[in-house]
Amino acid sequence: MDKVIDYYSQFDEWGRLDREPLEFTINLHFIKQYLEAASASQVLDNGAGPGKYAIALAKLGYNVTLSDLTPMLVEIAKQKAAEQQVLDQFNGFHVMNATCLEGIHDETYDAALMLGPLYHLQKEEERTAAVRELHRVTKQNGLVFVACQSRMRMAITSLSHPQAWKPNDSLAAIRAFFETGVFNHQDQGRFTGAYYFHADEVKPFMERNGFETIDLIGSSSIGSLLSNEQQQYWIDRGEYDEMIQFLISVANDPSVLGASSHLLYIGKRV
């Protein structure tokens with residue numbers, strides 16, 4: 001976990017979501033849709049990073065508790081909430097490991113987000129601990145939104161840009177990665193050790209740990225396959241918003257899930 005803390009202490013995660021807006025835009029669409037339908041009030045954003053989702057929900061009137069492993073990100077989130085005048089909507093800002101939400105009582109929240117921790121938990125028992133903690137602190141029938149990364153999309157990325165994703169710059173390494181889902185960047189300072197799910201593994205994994213599946217969507221849909229130049233075409237035509245709506249409409253198509261860089265599991269705690 002020290003490597004994760006070091007990485008995010010130096011990386012501009014808030015800026016990444018600004019530079020790559022599809023993931024945030026599509027995720028937030030579905031989060032808002034399901035939270036509104038469930039009449040949720042108390043929300044945990046667990047592994048919240050700098051708080052971009054938490055602040056968006058606070059602006060909508062939800063009472064939010066924020067936690068993250070990286071102290072610097074928790075402090076940034078608190079500063080951002082103050083700057084955007086939603087500090088009163090927060091019940092607390094906590095430095096916590098997602099695998100042990102110590103101090104949070106059972107069945108506290110109407111809904112819980114976990115949009116990052118599973119990326120970095122390379123061992124099965126760690127991933128299981130994190131989702132069981134999420135189950136513990138979420139109320140009966142409460143909603144959960146859990147993000148993971150797509151193994152197929154990472155294989156595509158490795159084949160397309162091998163020099164940027166060492167050691168996945170050989171077919172032997174890509175085959176080994178595709179077998180295990182475990183990736184450790186060879187270049188110092190690049191993305192931390194990570195785990196990538198097969199798209200068809202996500203639902204069974206969550207269901208084994210006490211959740212009922214509502215939906216599984218591709219957070220960037222097929223938009224992640226478009227270059228900036230290709231996206232600019234739709235902006236210039238004045239049809240960018242319409243393109244976003246199309247990407248949202250196909251986000252849960254099974255054929256889209258492997259092509260999306262990130263996946264969002266939406267479930268109910270049982």
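Let's start with burial: of this protein's 270 residues, 50% count as buried. Keep in mind that this is a predicted model.

Now the overall dimensions. For 270 residues, a compact globule would have a radius of gyration near 18 Å. The protein has 18 Å, so the two agree. Taken along the principal axes, the box filled by the C-alpha atoms is roughly 45 × 45 × 35 Å. The accessible surface comes to about 12700 Å². Carbon and sulfur atoms account for 49% of that surface.

Next, the charges. There are 23 positive and 35 negative ones. Their mean positions lie 2 Å apart.

What about secondary structure? The protein has 13 helices and nine strands.

Let's walk along the chain. Our first stop is a loop. S39 sits between helix 3, residues 21-38, and strand 1. This serine has a positive phi of about 55 degrees, although it is not a glycine. Most residues other than glycine have a negative phi. Is S39 buried or exposed? Its relative accessible area is 62%, so S39 is exposed; the cut-off for exposed is over 50%.

Strand 1 covers residues 42-46, and it runs parallel to strand 2. Five bridges join the two. To find the pairing on screen, look for L44, which stands opposite T65 in strand 2. Strand 2 itself spans residues 63-68 and is mostly covered. Five of its six residues are buried.

Between those stretches of sequence, look at helix 4, residues 52-59. How many of its eight residues are buried? Seven are, so helix 4 is largely enclosed by the rest of the structure. The buried ones are K52, Y53, A54, I55, A56, L57 and A58. Note that a lysine, K52, is on that list. In general, an α-helix has 3.6 residues a turn, so residues three or four places apart point the same way. Just after helix 4 comes G61, with a positive phi of about 100 degrees.

Helix 5 is our next stop, at residues 71-83, and I76 lies in it. I76 has a relative accessible area of 28%, so it counts as partly exposed.

Now a proline. P167 is in the loop between helix 8, residues 151-160, and helix 9, residues 171-180. The peptide bond from K166 to P167 is cis, with omega near 15 degrees. Most peptide bonds are trans.

Last, strand 9, at residues 262-269. This strand is mostly covered, with seven of its eight residues buried. Which strands does it pair with? One is strand 5, in the antiparallel sense, over seven bridges. There, V144 has G267 as its bridge partner. Another is strand 8, residues 211-218, also antiparallel and also joined by seven bridges. In that pairing, F211 stands opposite R269.

One more residue in strand 8: G218. Buried or exposed? At 0% relative accessibility, G218 counts as buried. What does it touch, leaving aside neighbours within four places in sequence? The contacts are I26, A251, L257, S260, H262 and L263. Take S260 from that list. It is 42 residues from G218 along the chain, yet the two C-alpha atoms are separated by 5.1 Å.

Helix 4, with seven of its eight residues buried. Strand 9, which pairs with strand 5 and with strand 8. And the cis bond from K166 to P167.

Key:
Residues numbered from 1 in each chain as written. Predicted model: local features only at pLDDT ≥ 70, side-chain atom pairs only at ≥ 80, totals over all residues. Heavy atoms only, no water. Helix = DSSP H or I, 4+ residues; strand = E, 2+ residues; numbered from the N terminus. Rg over C-alpha atoms; globule rule 2.2 N^0.38 Å. Buried < 20%, exposed > 50% of the residue type's maximum accessible area, 1.4 Å probe, protein only. Areas by Shrake-Rupley, 256 points an atom, 1.4 Å probe, with all protein chains shown as cover. Lys, Arg positive; Asp, Glu negative; His and termini not counted. Charge placed at Lys NZ, Arg CZ, Asp CG, Glu CD. Pairing = 2+ DSSP bridges. Contact = heavy atoms within 4.5 Å.
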